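Subject: A structure for you to look at

Hi there,

Here is the structure I promised to pass on. Please open it alongside this note, and I will walk you through what turned up.

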Amino acid sequence: MSTTVAPPPKKVNRIGLEVLNYKGAKSTLCAGCGHNAISERIIECFYEMGIPPWRVAKFSGIGCSSKSPAYFLGLSHGFNAVHGRAPAVGTGAILANRNLLGLTVTGDGDTASIGLGQFCHMLRRNIPMIYIIEDNGVYGLTKGQFSATADLGSKLKTGVANELPAMDCCLLGIELGATLVARSFSGDKRQFQAILKAAIVHQGLAVIDVVSPCVTFNDHEGSTKSYAYMKDHDEPLQQLDFVPAFEEISVEMEEGEVREITMHDGSRIVLRKLGKDYDPTDKMRAVQALHEATQSGHVLTGVIYADTGRPTFIDQLNLVDEPLATLPEERVRPSQAALDEIMEELR
Amino acid sequence: MGANDFTLQIATVNGSGSQTANTVLMRSLFQMGIPVTGKNLFPSNIAGLPTWFTIRASKHGWVGRKKEIDFLVAMNPESAREDVMGLEAGSAVVYDEPLKLDGLRADLHFYPIPFDKLVAPVCPEPKLRKLVRNMIYDGVLAQLVGIELEEIRKALAKQFGPRKAKAAELNWGAVEAGFDFAVKNLAKTDTCRVERMDATRGKIIIDGNAACALGAVFAGATVVTWYPITPSTSLVESMAGYLKRLRIDKQTGKATFAVVQAEDELAAIGMAIGAGWAGARSMTATSGPGISLMSEFTGLGYYIEAPAVIFDVQRVGPSTGLPTRTAQGDILTTAVLSHGDTKHPLLLPSSPVECFTMAQDAFNLAEEFQTPVFVMTDLDLGMNNWMSEPFPYPSEPIRRGKVLTAADLDRLGGFARYKDVDGDGVGYRTLPGTDHAAAGFFTRGSGHDEKARYSERPEDYIHNVDRLARKFESIRGRVPLPEVVRNDNASIGLICYGTTRYAVEESRDQLQRDFGLETSYLRLKAYPFTSQLKDFLERHARVYLVEQNRDGQMLALMRMDLEPGDAAKLRSVRYYGGLPIDARTVTDEIARQEGL
């Protein structure tokens with residue numbers, strides 16, 4: 001006589017999906033590439049937050065980083081655009097459907113060089129979207145040229161040193177209007193998860209610059225975007241926790257040790273003080289902190305700037321609540337009487 | 001010359017406010033029932049350079065540019081000498097007296113007007129005199145050619161509207177001053193005159209850009225992204241005005257549209273394609289330099305198969321060229337815009353009505369065939385005022401193409417984005433945000449197979465682009481058909497497109513009258529070409545293709561598409577100086593090539 005053992009119940013999230021539903025195709029990037037770790041975090045966070053993957057639209061440009069949206073959230077729509085132009089495509093898509101959760105994952109070549117103009121104007125518009133820069137300071141697909149985020153003095157494998165100052169995408173983000181600006185490291189699972197979850201619920205543009213070492217072209221001695229360099233120079237601003245609105249967890253608040261940022265949906269980012277007190281809602285201080293870190297050769301990570309008050313571009317355009325894309329004909333084609341009236345005026 | 005058959009040119013300095021005086025003049029003739037067109041020849045400048053406004057009155061209804069000026073109003077000291085020297089003998093000149101132009105030639109009719117002396121008493125405010133002064137020539141012309149004063153008054157009221165009645169009154173004073181001066185001091189010696197007709201009843205006056213804008217509004221466009229560039233700027237600006245008026249939701253006060261001034265043309269087309277991909281009726285408007293910048297994204301739109309409508313209001317030249325002059329110079333580049341193998345549908349409106357209807361056709365084609373569609377107008381059509389029939393209200397519902405909903409996916413279980421299910425080359429798509437686990441697919445500008453998966457396999461690439469070629473064949477069956485006028489006595493055919501039609505229509509009349517040469521006529525309304533073109537070529541011994549570019553761009557496209565035997569019949573007539581092509585140029589060139 002045999003007994004059938006019921007299989008263990010599948011683990012699901014709050015909307016009944018398994019983590020498998022959040023995975024994508026198998027990565028074709030190099031083993032050990034920082035981008036793969038970022039893909040893993042995206043899968044975990046969207047699963048844990050219980051976001052329906054079909055609500056998400058992924059955007060990217062061209063390069064190793066921009067390939068990665070194929071490797072997570074396979075049930076989402078994805079759009080691998082032209083080099084540097086993910087911001088325009090994402091902006092258009094979100095104008096068409098304001099209910100989409102926009103997730104752009106792109107690189108430092110896209111963001112800081114060929115698409116710098118688009119990046120800056122996306123910041124100015126505060127497009128409600130997550131914008132992750134998988135930042136390795138190097139062009140991988142073309143085999144190892146410096147990108148514009150390579151630090152001054154950082155060396156290529158060939159020994160050539162970068163002689164131009166680095167573009168700091170977080171500084172630009174703060175300066176030009178992004179409303180959640182963070183930096184992280186692909187190797188810091190806990191910190192990046194907290195930031196990404198905050199970005200998911202943030203109503204506005206969240207720019208996350210993630211140092212993501214390129215194991216093939218930029219992980220050697222002398223590189224400032226290597227695993228080893230980050231291990232020694234990572235300077236977290238705070239210890240981060242994210243408390244989603246759907247979890248009723250109270251956080252022990254020790255006076256002067258903990259700050260909280262309450263997001264639009266009631267979720268909270270809990271920031272525990274590490275060393276000096278840091279207020280991420282203070283724009284001037286945020287800019288100063290980034291400059292100080294550059295000067296001292298440290299990489300400042302954590303939530304650098306948060307502004308939950310600035311209206312998004314969708315608000316500013318005063319769009320109807322429903323997606324423009326699917327408005328019925330009677331709401332987008334004016335009446336015969338309206339045309340007749342205009343014709344009369346032109347007589 | 002007779003009544004209602006002459007061209008009047010007003011030469012001024014740009015920024016001097018002559019536009020009001022010129023518009024009122026044109027409108028007055030229109031109100032008198034006389035077929036009329038106005039063409040503004042202006043510099044790429046804000047103030048201080050010569051500008052010419054030409055009004056043609058034609059009892060025959062010819063509305064193309066006429067080469068000869070019959071009546072000149074010379075207000076600009078800088079250009080006056082050259083303007084006068086360029087006139088045909090017997091023409092008339094109204095001029096600012098201090099310019100003393102009457103000594104230049106003995107074969108013209110000169111009418112000196114002391115503009116400064118006349119303006120002072122009717123405009124006490126010295127700062128306004130520069131603007132009001134131009135209205136004096138309206139009054140002078142009213143007397144000299146017979147424009148009814150009451151119509152000028154009505155046109156003024158229309159121009160200024162009820163809220164600026166005071167300004168209208170001030171200008172009316174100047175009209176009267178000019179009229180009175182002419183009555184007392186000028187003896188008419190030229191032959192230009194107007195008399196009331198009934199050929200404009202029910203018609204409207206509108207520029208092509210506003211007509212395209214209205215077409216897009218009534219097509220239900222929802223996302224408009226653009227970057228300012230002459231001569232397309234007024235298309236989006238007038239559209240923004242109409243959208244604010246017609247497309248704010250009554251209940252909520254919110255907008256059913258987004259208009260975004262982008263940071264450049266790359267972003268403008270990128271947003272349009274992103275929005276089209278996500279299901280909006282999206283568009284942008286630009287001109288030559290913007291088309292060049294949109295090249296890469298257009299190729300993406302073609303290859304990933306996202307709809308978008310691009311209005312190209314063509315101007316002259318490569319590079320900056322002549323930004324305020326007209327041409328049909330983007331045809332070839334736009335038909336195959338982007339690297340790699342691409343082909344794009346082009347619609348070719350020739351009139352405000354066609355701007356309106358083809359804007360709607362463009363959105364339908366773009367969504368039904370999931371591809372960027374270009375509406376090729378030009379500066380002449382876009383920025384000049386045209387007499388037009390009123391626009392017909394769209395008779396058909398909006399066509400959104402093959403979009404699968406969540407319910408469809410429930411029924412089908414899934415779909416392959418780039419599979420040719422129906423044999424027309426057009427796959428089914430889903431919109432991002434569709435509430436279904438099977439809705440998602442990965443859109444990529446890199447190689448892909450039927451299921452939108454990454455692929456570098458040669459057979460997948462060939463399979464995909466061959467389907468795109470088939471799709472283009474399906475489009476061929478759906479574009480607006482050419483207008484054909486068959487003359488059974490003619491062995492000669494004339495082909496044209498867009499605004500070139502006006503010169504060609506008039507030229508056919510000239511060829512018939514001057515040389516007894518009978519011609520047939522075909523006006524293209526779209527690329528890809530349809531079977532009517534082949535038929536037309538087969539029926540005629542020689543076919544002249546008339547266009548406004550140096551290299552015969554449409555001709556080159558035909559050589560690419562047609563059988564060599566048919567293409568061998570084609571001959572080329574081209575004008576590319578930046579002014580709208582005129583009938584005489586066409587007639588002379590055809591006569592030369594025919595050995596007449």
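To start with one detail: which residue stands opposite A:S184 in β8(A)? A:V210 does.

A few ground rules before the tour. This is a predicted model, in which local features need pLDDT of at least 70 and side-chain atom pairs count only at pLDDT 80 or more, while totals for chains, interfaces and linings use all residues. Residues are numbered from 1 along each chain as its sequence is written, and chains are lettered from A and ligands numbered from 1 in the order in which they are written.

On confidence, the model has an ipTM of 0.96 and a pTM of 0.97. For chain B the average pLDDT (the predictor's confidence in each residue, from 0 to 100) is 96, and 100% of the residues reach at least 70.

Chain A as a whole

Chain A contains 12 helices and 13 strands; these are DSSP runs, numbered from the N terminus, with helices being H or I of at least four residues and strands being E of at least two. Its radius of gyration, taken over C-alpha atoms, is 22 Å, close to the 20 Å given by the globule rule for 347 residues, so chain A is as compact as a globular protein of that length. That rule is 2.2 Å times the number of residues to the power 0.38. Along the principal axes, the C-alpha atoms of chain A fill a box of roughly 75 × 75 × 50 Å.

Of the 347 residues in chain A, 54% are buried. Buried here means 20 or more other C-beta atoms within 10 Å of the residue's own, exposed means 12 or fewer, and partly exposed is in between, with C-beta atoms placed from the backbone. Two residues are in contact if their C-beta atoms, placed the same way, lie within 7 Å. Among the contacts in chain A with a separation of 6 or more, 72% join residues 24 or more positions apart.

The sheet that spans both chains

Nine strands make an open sheet with mixed pairing, in the order β9(A)-β13(A)-β7(A)-β8(A)-β4(A)-β3(A)-β1(A)-β2(A)-β18(B). Two strands count as paired if DSSP finds at least two bridges between them. At the edges are β9 (234-236) of chain A and β18 (442-444) of chain B, each pairing on one side only. From one strand to the next, the twist averages 20 degrees. Angles run from 0 to 180 degrees between N-to-C directions, and axes are lines fitted to C-alpha atoms, for helices over the stretch in contact.

β8(A) is worth a look. Seven of its seven residues are buried, so β8(A) is largely enclosed by the rest of the structure. On one side A:L205, A:V207, A:D209 and A:V211 are buried, and on the other A:A206, A:I208 and A:V210 are too.

Helix α7 (residues 189-201) of chain A lies across β4, β7, β8, β9 and β13 of chain A, at about 155 degrees to β7(A). Further along the sheet, β1 (residues 56-60) and β2 (residues 77-80) of chain A run parallel and are joined by four bridges, with A:S60 and A:N80 as bridge partners.

The sheet in chain B

Chain B has an open sheet of five strands, ordered β19-β21-β20-β23-β24, with mixed pairing. β19 (483-485) and β24 (570-574) of chain B each have a single partner strand, so one side of each is left without a neighbour in the sheet. β23 (residues 542-547) of chain B runs parallel to β24(B), joined by five bridges, and B:V546 has B:V573 as its bridge partner. Helix α20 (residues 553-561) of chain B packs on this sheet, touching β20, β23 and β24 of chain B, at about 130 degrees to β23(B).

An exposed loop residue

A:E247 sits in the loop between β10 (238-243) and β11 (258-262) of chain A. With 10 other C-beta atoms within 10 Å, A:E247 is exposed.

Enjoy exploring!
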